[in-house]
Amino acid sequence: MTSALPESVAGTWQRAGTRTGESKVLLTSITAETTVYEPAETASALAEFGSSDIPIRSLFTVDMRFSPSLSSVGISPASVLSTAAPKARSQFVDLVEDDGLVVEDTRETLSFERPDGTEGRWYVLDASYPLSPDLETDRESLATEANVAIWPTDDAYGMAGGTLPLEAPDGLDALEVDPERDRETIASLIRSIDPDGASE
């Protein structure tokens, strides 16, 4: 089941696609379904300017399914966050790079606290977004930032984040660059998304 966007962002964003990946952590297999969203207002105007399948300004939520469940093998998600979080970050990097984004480095690794007191890990990644060769510009890519956060739930993990542009090519007025606004939108999603499908 795909996590619903919380009310704080749901009205102005639309689904841009879903990707599914599999990995292993400790004794369990993980199936992660990632749903990507883009701003509804600029989706059509920006559809052809990039050569990545992920919008340059995006939000994403991840639904994780563990087999066997963590509780059945006696593992508390909070107790192994330090192992699970880097694995989740790597899986996210693989996903966006498969879709054309180039992740260059991890700029920051932060601890953060959700409104319910749950502590998680937040990664800020430097990336570059490839431009379409059909775009009338001498630029090949744009500086981009990706954010991904993971936190423990009762029997699994919540995961969400997004990407944002740090610059725009000349002549593309539809791509408004406002990093602080975009970071706050991503933070609002991470603070309020409920992995079980309802917003707080």
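Here are a few friendly notes on the aromatic pairs in this predicted model.

1. Let me start with the overall count: the structure contains five aromatic pairs. The points below go through two of them, Phe66 with Tyr157 and Phe112 with Trp122.

2. In the pair of Phe66 and Tyr157, the ring centres are 6.0 Å apart and the planes meet at 45°, so the pair is tilted.

3. Where do Phe66 and Tyr157 sit along the chain? Phe66 belongs to strand 3 (residues 58–67) and Tyr157 to strand 7 (residues 157–165), so this pair ties together parts that are 91 residues apart in sequence.

4. Are these two side chains buried or exposed? Phe66 counts as buried, at 15% relative accessibility, and Tyr157 is buried too, with a relative accessible area of 4%. The cut-off for buried is under 20%.

5. Now have a look at Phe112 and Trp122. Their ring centres lie 5.4 Å apart with the planes at 85°, so this pair is edge-to-face. Phe112 is part of strand 4 (residues 102–113) and Trp122 of strand 5 (residues 119–130), so the pair ties together parts that are ten residues apart in sequence.

6. Phe112 is buried at 13% relative accessibility, and Trp122 is buried with a relative accessible area of 14%.

Methods:
Residues are numbered from 1 along each chain as its sequence is written. This is a predicted model: local features need pLDDT of at least 70, side-chain atom pairs count only at pLDDT 80 or more; totals for chains, interfaces and linings use all residues. Side-chain values use heavy atoms; hydrogens and water are left out. Rings of Phe, Tyr and Trp (its six-membered ring) pair if their centres lie within 6.5 Å; planes under 30 degrees apart count as stacked, over 60 as edge-to-face and the rest as tilted. Helices (H or I, at least four residues) and strands (E, at least two) are DSSP runs, numbered from the N terminus. Buried means under 20% relative accessible area, exposed over 50%, partly exposed in between (1.4 Å probe, protein chains only).
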